[in-house]
Amino acid sequence: MKNIFFLLLILPLSSCTDHEMGWFIISPNNLEGATNLKFLLSGLTTTIYISLISIIISMILGLVVAIPSLAKNKFLTYINIGYVEIVRAVPLLVLILWIYYGLPIMTGISFSPFISGIIALAISESAFQAEIFRAGINSIKKAQWEAGSSLGLNFFKRLRLVILPQAIKNILPAIGNQFVYVLKMSSLVSIIGIGDLTRKANELVVTTYRPLEIYTFLILEYLILILIVSFFVRKLEKNLKKD
C-alpha cells in the first residue's frame, strides 16, 4: 500500500521534469505573484453567487415539478417524468450554449452571460432536485397525510406544514451533495465569458503561460470551497437531527 502511495506521489513530479516550476507566479511574496493571486481570487464571489442562486432556484423549480408526481392523475405524472428525463438527457454545457446563443435567435430574448449561466444551471439541476423531493416526500408515512387531513388542512397546507418539514430532514444530505455538484459544474459557465474562478484562471494562463501552477491553484480553490460547504451541510444536518 505504501509503495502504491509513493508511486502516485512521485509520478506527477517525474512527469514535470522538463517543466521548470514557477510557483513565484502565484506567490504572495512578490508583487507579480500577489497581483495574480488577487486576480484569481476575484472570481470567487461570482462562483459562489451563481452557484447559490442556481441551487435556490432549482430547489423551487424541482419542488414544483415534483408535486404532479404525487397526484393520482396519470397525465400529471407523465408531465413530471417527461420533464425529468428530457432535462437530464441534455448536457449542461450544451444547455448553457443554447440559452446564451440559441435562445436569442429563436425568441429574440437575450440574457447577460451571468443570467444565462444561472438559468442553465437551475434548469439542469431542477430535474435532480425534483427526484430528490419526490423521494423525500414519498418516504413520509401515509399516516402523516391523514393526520393533516384530520386537522382540516387542504393538500398544499398539509404539504407545507406537515410533510415538507419532515421530508427536508431526510433529503438534506442529498441536497448538500447537489450543492457541491452545482459548485463544480459552475465552472462550465466560463465558456460564455462569466468571470468565475475557472475563467480567471484561463485568462491568467494565456498571459503567463503557466498552466500547471495556475490550474493547480484552481484545484485548491475548488477543493477548499467544497470542503467548507460540506462542513456546514453536515453541521446543519446534525442540528436538524437533534431537533
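**Close-up views of a predicted model**

Leucine 164 is in contact with Leu63, Phe133, Ile137 and Leu159, leaving aside its neighbours within four places in sequence. The model shown here and in the following views is predicted.

**View 1. Leucine 164 and the largest nonpolar core.** The largest nonpolar core has 15 residues. Those that touch the most other members are Leu63, Phe133, Ile137, Leu159, Ile163 and Leu164. Two or more residues of this core come from each of helix 3, helix 6 (113-138) and helix 8 (155-185). Helix 8 gives the largest share, seven residues. The partners of leucine 164 listed above, namely Leu63, Phe133, Ile137 and Leu159, are also named among the core residues that touch the most other members.

**View 2. Packing of helix 3 on helix 4.** Helix 3 covers residues 44-66 and helix 4 covers residues 74-89. The two pack at an angle of about 140 degrees, and their axes lie 9 Å apart. Angles over 145 degrees would count as roughly antiparallel; helix 3 and helix 4 are therefore oblique to each other. On the helix 3 side the contact is made by Leu61, Val65 and Ala66, and on the helix 4 side by Asn80, Tyr83 and Val84. By class, this contact of helix 3 with helix 4 has five nonpolar residues, one polar residue and no charged residues.

**View 3. Proline 68 in the loop between helix 3 and helix 4.** Proline 68 is found in the loop that lies between these two helices. Its relative accessible area is 19%, so proline 68 is buried, the cut-off for buried being under 20%. Not counting residues up to four places away in sequence, proline 68 touches Leu76 and Thr77. Proline 68 and tyrosine 78 are ten residues apart along the chain, and their C-alpha atoms are separated by 8.6 Å.

**View 4. Serine 58 within helix 3.** Serine 58 is found in helix 3. With a relative accessible area of 0%, serine 58 is buried. Leaving aside neighbours within four places in sequence, the contacts of serine 58 are Ala122, Glu125, Ser126 and Gln129.

**View 5. The aromatic pair of tyrosine 100 and tyrosine 101.** Three aromatic pairs are found in a search of the whole structure. One of them joins tyrosine 100 and tyrosine 101 in an edge-to-face arrangement, at 4.8 Å centre to centre and with 75 degrees between the planes. Tyrosine 100, at 23% relative accessibility, counts as partly exposed. Tyrosine 101, at 46% relative accessibility, also counts as partly exposed. The place of tyrosine 101 is in helix 5 (residues 92-107). From tyrosine 101 to tryptophan 145 the separation is 44 residues in sequence and 46 Å in space, C-alpha to C-alpha.

**View 6. The aromatic pair of phenylalanine 231 and phenylalanine 232.** Phenylalanine 231 and phenylalanine 232 form an edge-to-face aromatic pair. Their rings are 5.4 Å apart centre to centre, with 75 degrees between the planes. Phenylalanine 231 has a relative accessible area of 48% and is partly exposed.

**View 7. Asparagine 202 in helix 9.** Asparagine 202 has its place in helix 9 (residues 197-208). Its relative accessible area of 28% makes asparagine 202 partly exposed. Apart from neighbours within four places in sequence, asparagine 202 is in contact with Ser190 and Tyr215. Asparagine 202 and isoleucine 123 are 79 residues apart in sequence, and the C-alpha to C-alpha distance between them is 26 Å.

View 8. Tyrosine 209 is found in the loop between helix 9 and helix 10 (211-242). The phi angle of tyrosine 209 is near 60 degrees, a positive value in a residue other than glycine. Tyrosine 209 has a relative accessible area of 66% and is exposed.

How values were computed: Residues are numbered from 1 along each chain as its sequence is written. This is a predicted model: local features need pLDDT of at least 70, side-chain atom pairs count only at pLDDT 80 or more; totals for chains, interfaces and linings use all residues. Side-chain values use heavy atoms; hydrogens and water are left out. Axes are lines fitted to C-alpha atoms, for helices over the stretch in contact, and angles run from 0 to 180 degrees between N-to-C directions. Helices (H or I, at least four residues) and strands (E, at least two) are DSSP runs, numbered from the N terminus. Angles under 35 degrees count as roughly parallel, over 145 as roughly antiparallel, 65 to 115 as roughly perpendicular and the rest as oblique. Contact means heavy atoms within 4.5 Å. Ala, Val, Leu, Ile, Met, Phe, Trp, Tyr, Cys and Pro count as nonpolar, Asp, Glu, Lys and Arg as charged, and the others, Gly among them, as polar. Rings of Phe, Tyr and Trp (its six-membered ring) pair if their centres lie within 6.5 Å; planes under 30 degrees apart count as stacked, over 60 as edge-to-face and the rest as tilted. Buried means under 20% relative accessible area, exposed over 50%, partly exposed in between (1.4 Å probe, protein chains only). A nonpolar core is a set of buried Ala, Val, Leu, Ile, Met, Phe, Trp, Tyr and Cys residues joined through side-chain atoms within 4.5 Å.
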